[in-house]
Amino acid sequence: MYLPVWPGKPYPLGALWDGKGTNFALYSENAVAVELCLFDSEDQETRLWLTEVNNFIWHGYIPGISPGQRYGFRVHGPYSPEEGHRFNPNKLLIDPYAKALDREIQYGEEIFGYRWDGEDQDLSFSELDDAHLVPKAVVIDETFDWEDDQLLRIPQHETIIYEMHVKGFTQQHPDIPDELRGTYAGLGHPAAIAYLQSLGVTAVELMPVHHFLSQPGHLIKNGLKNYWGYDSICYFAPHQSYGADQTPGQQVQEFKEMVKALHAGGIEVILDVVYNHTGEGNHMGPTLSLKGIDNAVYYRLVEDDPRYYMDFTGCGNSLNVSHPQVLKLIMDSLRYWVLEMHVDGFRFDLASALARELYEVNSLAAFFNIIHQDPVLSDVKLIAEPWDVGEGGYQVGNFPILWSEWNGKYRDTVRDFWRGEDSLLAEFAYRFTGSSDLYESNGRQPHASINFITAHDGFTLNDLVSYNEKHNEDNFEENRDGESHNRSWNCGEEGETDDPEILELRNRQRRNFLVTLLLSQGVPMLVSGDELGRTQFGNNNAYCQDNELSWLDWNLPDSNADLLDFVRQLIDFRRRHPVFRRRRWFQGQAIHGSAVTDLGWYNPDGGEMTEEQWSMGFARAIAVFVNGEEIPAVGFKGERIIDDSFLIFFNAHYEMIEFSLPEGLGDRQWRVIIDTKEPSFISDWVVYTEDKPVPVTARSVVVLQRC
């Protein structure tokens, strides 16, 4: 079939349909030739040479090519892995700017750029064609009726994040139709949105939805799958299998409908994005896209041996973010998801890897500078996972303004406190009040701290109080994978139990964690299913478990129904009381100082904490006064914000402790609102005054509200 190839334009990159035909453009510095490959409904391939090259962009315009057309590229150039080049025109390559792919990848020897026989395999050259196995990019119609939809721009300090998996949340939901379960359309269904609204969260943080793959090898051999999705292969395309309608390209429309529905329900959409590496792996990985388009440009290679990849991620490769075109790829992708897909923000996986201009992490790297001045991206939510696996990669507290961070120190400190580990109360106090020691000095506010107890990676909340050790046998890695130091405590027996005392303690510990999280300054993040008591039976690395182990079970036992009600009450309580979601730091002197007007820390006898007490690693009990009448920030219209005042008693000791009301605060009556020994908020008026000590059960929290 003859098709004319007009010169077209070098921008934008990717495929752009203009109503009469489609322009194709691909960046490659070291290629010597590029073929555009078009596929018909029978998978018959038509190859067209792109002869126009401007600024290393190979481009051409094909009249008559319309939405639904499937395509790929074959790129010619040197195959010399020792020099960093892995061109192989026998491999069909995915357009890195593709807006949609038609299917998931199929696995076979053909997808590798080298032959499988002999030594030094990756130095050999494969002549096998893989077009029958590789997903095809799809030309799409980008028009969509958003009506009046806009980014919600919920203030950071009012945000409550719900980390979730599109499939895991919807796959077994009883009120979502069978044909929509596990899909974008399922998450946009009224039943899903009604649940999120009833919970009270303000944003969903979706685990990766960029089209991803399962690594060939261990997963495929053992019948497992990359469930979490942290192996992206295309940064513009929504993952194809999450589409309910499998018509090529339709997943883009479904994703937009999902966002539109969530926004209508008052819920923001944050994407977990993986720009630090791709699913092509190391020198032994497959050749699917960037590796075959221009390996030496797109990846960080070992300087004195470019056959190999720098790996700051533990996933085989690292993107070469210091190269202008790679940086442009990331920035173009981010802007696309905001402007065309209307997402409200991003959580950057292993974000420290993006800051590495050479080997050291540099918070002033080009990536952050460009985002800081970008008029689109500087105005959305930006959340860093502030570490990678390279040397010096743990960077909690070191990201620049505009950025929030997953606060790993918050997680570790709160876990240690409630399991009774020796730790300084000063550390706990810093974390509870927003971690000013980490974020205040560079101009950031409490919302820079994304507070979490659990995340997708690690134990669920239920398992955190039920297991001392990981149990990852189902991953077929002999229980070597996953974190071994979980800071967990099983409350007396490993795993499932019928012991009523252990079960009661576990329930109390779950409430302790939740109260601490939702009443801390900063932005709380809940993990989908923790409010339902979800268990993974001790598996703390369920990345490969696309099954009932990872999916939410909506059939709740009575004890977990109580937990769900408690979480709803707790989120509503935070929403109604601005003293727990302040925009600005607490004022006054240092956290262990005196004469603090809006915050006070006390020991169980009612006296202010002393320097010596702050440094006692064995101390297990502390009280905090938060003054709702001394909130320095004003409201949106400049109005003064006044709230109730609260006393919170934390007792991580193994025995009951009686707390005295602090001197000067006991002249008023105080009503019990929360006591975590109870499964719900306190409705009876239990009132305390200065002459009446407050009993706080072993390992529990009591919250008093000034009457």
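A residue is called buried here when its relative accessible area is under 20%, exposed when that area is over 50%, and partly exposed in between, with a 1.4 Å probe and protein chains only as cover. Helices (H or I, at least four residues) and strands (E, at least two) are DSSP runs, numbered from the N terminus. The structure is a predicted model, in which local features need pLDDT of at least 70 and side-chain atom pairs count only at pLDDT 80 or more, whereas totals for chains, interfaces and linings use all residues. Residues are numbered from 1 along each chain as its sequence is written, and side-chain values use heavy atoms, with hydrogens and water left out.

The buried residues are Leu-425, Ala-426, Phe-428, Ala-429, Arg-431 and Phe-432. Just after helix 10 comes Gly-434, which takes a positive phi of about 105°.

The protein chain has 15 helices and 28 strands. Its radius of gyration, taken over C-alpha atoms, is 27 Å, close to the 27 Å that the globule rule (2.2 Å times the number of residues to the power 0.38) gives for 707 residues, so the chain is as compact as a globular protein of that length. Along the principal axes, the C-alpha atoms fill a box of roughly 95 × 55 × 55 Å. Of the 707 residues, 61% are buried. Where a contact means heavy atoms within 4.5 Å, residues 24 or more positions apart account for 72% of the contacts with a separation of 6 or more. The chain exposes about 26700 Å², of which carbon and sulfur atoms supply 48%, the areas coming from the Shrake-Rupley method with a 1.4 Å probe.

The charges come next. Lys and Arg count as positive and Asp and Glu as negative, while His and the chain ends are not counted; the place of a charge is taken as NZ of Lys, CZ of Arg, CG of Asp or CD of Glu. On this basis the mean positions of the 57 positive and 109 negative charges are 3 Å apart. A search of the whole structure finds 41 salt bridges, each being a side-chain nitrogen of Lys or Arg within 4 Å of a carboxyl oxygen of Asp or Glu.

One of these salt bridges pairs Asp-122 with Arg-307, whose closest N and O atoms are 2.6 Å apart. Asp-122 lies in the loop between strand 9 (85-86) and strand 10 (137-138), and Arg-307 in the loop between helix 6 (290-298) and helix 7 (324-339), so the pair ties together parts that are 185 residues apart in sequence. Both Asp-122 and Arg-307 are buried. Arg-307 is also touched by Glu-82, whose other contacts include Leu-123 and Pro-306, not counting residues up to four places away in sequence. Glu-82 lies in the loop between strand 8 (79-80) and strand 9 and is partly exposed, with a relative accessible area of 46%. The C-alpha atoms of Glu-82 and Tyr-308 are separated by 8.3 Å, although these residues are 226 residues apart along the chain.

Arg-508 counts as buried at 9% relative accessibility, whereas Glu-504, at 32%, counts as partly exposed. Elsewhere, salt bridges that share partners join Arg-411, Asp-412, Asp-416, Arg-419, Glu-421 and Arg-487 into one network.

The backbone deserves a last look. Most residues other than glycine have a negative phi, and most peptide bonds are trans. The peptide bond from Tyr-11 to Pro-12, however, is cis, with omega near -5°, and Pro-12 has its place in the segment before strand 1 (14-17). His-342, in the loop between helix 7 and strand 16 (345-348), has a positive phi near 65° and counts as buried at 11% relative accessibility. Asn-479 has a positive phi near 60°; this residue is placed in the loop between helix 12 (461-464) and helix 13, and it is partly exposed, with a relative accessible area of 21%.
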